[in-house]
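Welcome! Please take a look at the protein below, and then we will walk through it topic by topic.

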Amino acid sequence: MSLSLREYSRVVFFTGAGLSAESGVPTYRGSGGIWDSYDYRDYACQSAFERDPGKVLDFHEERRSVALSCEPNDAHRRIARFASGSSSSLILTQNIDGLQQRAGAGRVLELHGSLWRLRCDPCGKVREDLASPQYSTRHCDCGRILRPDIVWFEDLLDSSLLESAIRAISDCDCLLSVGTSASVYPAAELPLIAMQAGATTIEINLEETPLSPLYHHSLQGKASEILSELIS
Ligand code: OAD
């Protein structure tokens with residue numbers, strides 16, 4: 001392949017669950033996807049949390065347990081290495097598993113939040129909670145139950161984070177989308193900004209997505225294999 005990311009200085013990596021699939025973290029959609037086994041209305045929305053916080057927290061502890069049992073893969077590591085050697089590049093992820101950071105990436109914008117944080121909306125407190133599958137506490141100092149700091153279905157994205165993402169995408173010279181089904185909005189439409197701004201756009205996925213025809217290069221295959229050619 002003659003395509004090389006080394007030709008670009010302001011790369012935005014836009015990543016989804018397919019990036020962590022080779023580590024063993026299940027994707028959300030497709031066979032074996034999380035939303036095949038769990039109804040998001042019972043596990044991943046604010047009303048489910050209000051109805052049965054224990055059930056929702058148990059589900060997220062299970063997700064933490066899976067993430068902790070998995071290691072970053074070669075694709076995470078290549079992205080991390082490229083971004084640390086290119087101060088104007090940015091990693092923008094929809095993933096909440098933290099594997100990209102564990103691969104050594106410095107700054108990662110987590111559009112959909114993180115399994116490793118909890119928050120209390122009434123107090124505005126955010127609590128980092130790393131290391132073990134179980135949350136170290138399920139309660140805020142104020143006594144209320146903490147909720148995972150994750151953008152669930154029907155939640156809004158954090159506006160300042162979204163602004164930073166849009167700024168970087170508008171100014172990049174290459175946008176590389178890796179392992180996302182392009183089905184969850186507004187994240188899914190972010191690559192369109194790079195397309196309109198004239199950046200080179202590349203997609204890596206096992207299969208075609210609704211946005212594939214719009215990319216300059218839509219590359220089908222495993223993230224780790226294609227990235228080893230794009231970042232050699
Ligand atoms: P999806 O599960 O919707 O899509 C994963 C994509 O990765 C699919 O298009 C697969 O074809 C592709 N894929 C799988 N293995 C791959 C591999 N080894 N190499 C390359 N591609 C591969 O995941 P997302 O698009 O990330 O929200 O889903 C978006 C959001 O929906 C998630 O952030 C999540 C979910 O509800 C939250 O967690 C808040």
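A polar contact is a pair of N or O atoms within 3.5 Å; within protein, one must be able to donate a hydrogen and the other to accept it, and residues adjacent in sequence count only if both atoms are side-chain atoms. With that in hand, you can read the ligand site: a backbone N or O atom of Gly179 lies 3.2 Å from an oxygen atom of the ligand. This is a predicted model, in which local features need pLDDT of at least 70 and side-chain atom pairs count only at pLDDT 80 or more, while totals for chains, interfaces and linings use all residues. Residues are numbered from 1 along each chain as its sequence is written, and side-chain values use heavy atoms, with hydrogens and water left out.

**Around the ligand**

- The ligand is surrounded by 25 residues, where being near a molecule means having a heavy atom within 4 Å of it.
- The closest of these residues are Arg29, His112, Thr180, Ser181 and Asn205.
- In the side chain of Ser181, an N or O atom is 2.6 Å from an oxygen atom of the ligand.
- Tyr28 takes part through its backbone, with a polar atom 2.7 Å from a ligand oxygen.

**The six-stranded sheet**

- What is the order of the six strands in the open sheet? They follow β3-β2-β1-β7-β8-β9, with parallel pairing.
- The edges are held by β3 (108–110) and β9 (217–220), each with a single partner strand, so one side of each is left without a neighbour in the sheet.
- Neighbouring strands of this sheet are turned by 15 degrees against each other on average, direction ignored; axes are lines fitted to C-alpha atoms, for helices over the stretch in contact, and angles run from 0 to 180 degrees between N-to-C directions.
- Three bridges pair β2 (residues 90–93) with β3 in the parallel sense, and Thr93 has Glu110 in β3 as its bridge partner.
- Helix α8 (residues 159–171) lies across β1 (11–15), β2, β3 and β7 (174–178), and runs at about 130 degrees to β3.

**The three-stranded sheet**

- Another open sheet has three strands in the order β5-β4-β6, and here the pairing is antiparallel.
- Since β5 (125–128) and β6 (147–150) stand at the edges with a single partner strand each, one side of each is left without a neighbour in the sheet.
- From one strand to the next, the twist averages 45 degrees.
- Strand β4 (residues 113–120) is joined to β6 by three bridges, and Arg119 stands opposite Arg147 in β6.
- Four bridges link β4 and β5, with Arg117 partnered by Glu128 in β5.
- β4 and β5 form a hairpin with four residues between them, and Gly124 in the turn has a positive phi of about 80 degrees.
- Helix α5 (residues 53–69) lies across β4 and β6, at about 145 degrees to β4.

**The nonpolar cores**

- In soluble globular proteins, nonpolar side chains tend to be buried together.
- A nonpolar core is a set of buried Ala, Val, Leu, Ile, Met, Phe, Trp, Tyr and Cys residues joined through side-chain atoms within 4.5 Å; buried means under 20% relative accessible area, exposed over 50%, and partly exposed in between (1.4 Å probe, protein chains only).
- Of the 26 residues in the largest core, Leu5, Phe13, Leu176, Ile202 and Leu230 touch the most other members.
- Two or more residues each come from β1, α6 (74–84), β7, β8 (200–205) and α10 (223–230), and α6 gives the most, with five.
- A second, separate core has 22 residues, including Ile34, Ala48, Phe59 and Leu118.

- Which residues of α6 are buried? They are Ala75, His76, Arg78, Ile79, Ala80, Phe82 and Ala83.
- Asn73 caps the N-terminal end of α6, with a side-chain oxygen 2.7 Å from the backbone nitrogen of Ala75.
- Ala44 is found in the loop between α3 (40–43) and α4 (46–51), and Ala44 is buried, with a relative accessible area of 4%.
- Not counting residues up to four places away in sequence, Ala44 touches Trp35, Trp152 and Phe153; contact means heavy atoms within 4.5 Å.

Methods:
Two strands pair if DSSP finds at least two bridges between them.
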